[in-house]
Amino acid sequence: MGSPTFHPRFGEDRYPIGRFILERSRVLEISRSDLAHRLGYRDIGRGHKALSEVLVTGVVPRHAEKYLAAALEVDDALLEPVIGATTRQKRDEARKRRVESERAYLAAFRPHLQVQTERAVPSPIFVAALLTVARLRIIRLPDDALTASDEARDVIIKTIIIDHWRENGGHVPAFGGIMGYVLVLVAGYDAFDFGLPFSVTGERAGGMQKVERLGQATLGTRRVDTRLTGLLKHSPIKVIRAVEER
């Protein structure tokens, strides 16, 4: 038996399931190691890691869920609403983050050209991560393109598209050939905006359509690790393309 103390660490009491586990462990006078063993983990290190993730994230893996009620000496019927409350809290938090993210996006939104390429997923991904997807596939527009009439704007857009195509040889590093352009005019919601399609020669190619927002390519051992993202975002594109084609 380990130490009977089971004090919450930072963030471990954020969710109902974490608070419930901490309270039951206190009542039962069991340690983290004791609970890890009760959850069926023979490798105590792995058990501690799994238990910590449950407490911090509120997500109970299937392996632990099978033994959790017995480990805490409660009925399954009691555990269900605890997990349900945790799920609702996480859903509400995700909704709040999305709304806040959309507000920030709308506040910073400015009409722009999105380059349409033969590949939606970059390959090799490190090129897109180092340069950033925005640097590779978004063209910022001058102020006169934003204030001009639709007809005058389209003339400006045509010149920008032709120049971009020629300067890049009809190719975007990591994304392949340029298939067209979209003038993104209206901020949408939840990963989509709205804009007008243009051909590679700068001609209008249809009416207003839904446009998927571009994601972000990242490097690192973890998905959330963005320390190397954009490391070469100020490097000349032609230099990166030459390296890519070797």
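**A walk through the chain**

The chain holds 10 helices and six strands; here helices (H or I, at least four residues) and strands (E, at least two) are DSSP runs, numbered from the N terminus. Please keep in mind that this is a predicted model, in which local features need pLDDT of at least 70 and side-chain atom pairs count only at pLDDT 80 or more, while totals for chains, interfaces and linings use all residues. Residues are numbered from 1 along each chain as its sequence is written, and side-chain values use heavy atoms, with hydrogens and water left out.

Let us start with the whole chain. Of its 246 residues, 38% are buried, where buried means under 20% relative accessible area, exposed means over 50%, and partly exposed lies in between (1.4 Å probe, protein chains only). Taking contacts (heavy atoms within 4.5 Å) between residues at least 6 apart in sequence, 63% join residues at least 24 apart.

Now step inside, to A128 in helix 6 (residues 125-131). A128 counts as buried because its relative accessibility is 0%. Leaving aside residues up to four places away in sequence, A128 touches P122, V133, L136, A174, F175 and A217. A128 and T218 are 90 residues apart in sequence, yet their C-alpha atoms are 8.1 Å apart in space.

One of the residues that A128 touches, A174, sits in the loop between strand 3 (171-172) and strand 4 (176-189). A174 is not a glycine, but its phi is positive, at about 75 degrees. With 0% relative accessibility, A174 also counts as buried.

The loops on either side of helix 6 are worth a look too. In the loop between strand 1 (112-117) and helix 6 you will find P124, and the peptide bond from S123 to P124 is cis, with omega near 0 degrees. In the loop between helix 6 and helix 7 (133-137) lies T132, another residue other than glycine with a positive phi, near 80 degrees. T132 is buried, since its relative accessible area is 18%.

Finally, come out to the surface. E65, D75, D76 and E80 gather there in a patch of negative charge. E65 belongs to helix 4 (residues 62-72), and E65 counts as partly exposed because its relative accessibility is 41%. Patches are made of residues with over 30% relative accessible area and no salt bridge, with like charges joined within 9 Å and nonpolar side chains (Val, Leu, Ile, Met, Phe, Trp, Tyr) within 5 Å. A salt bridge is a side-chain nitrogen of Lys or Arg within 4 Å of a carboxyl oxygen of Asp or Glu.

Notes:
Areas by Shrake-Rupley, 256 points an atom, 1.4 Å probe, with all protein chains shown as cover. Lys, Arg positive; Asp, Glu negative; His and termini not counted. Charge placed at Lys NZ, Arg CZ, Asp CG, Glu CD.
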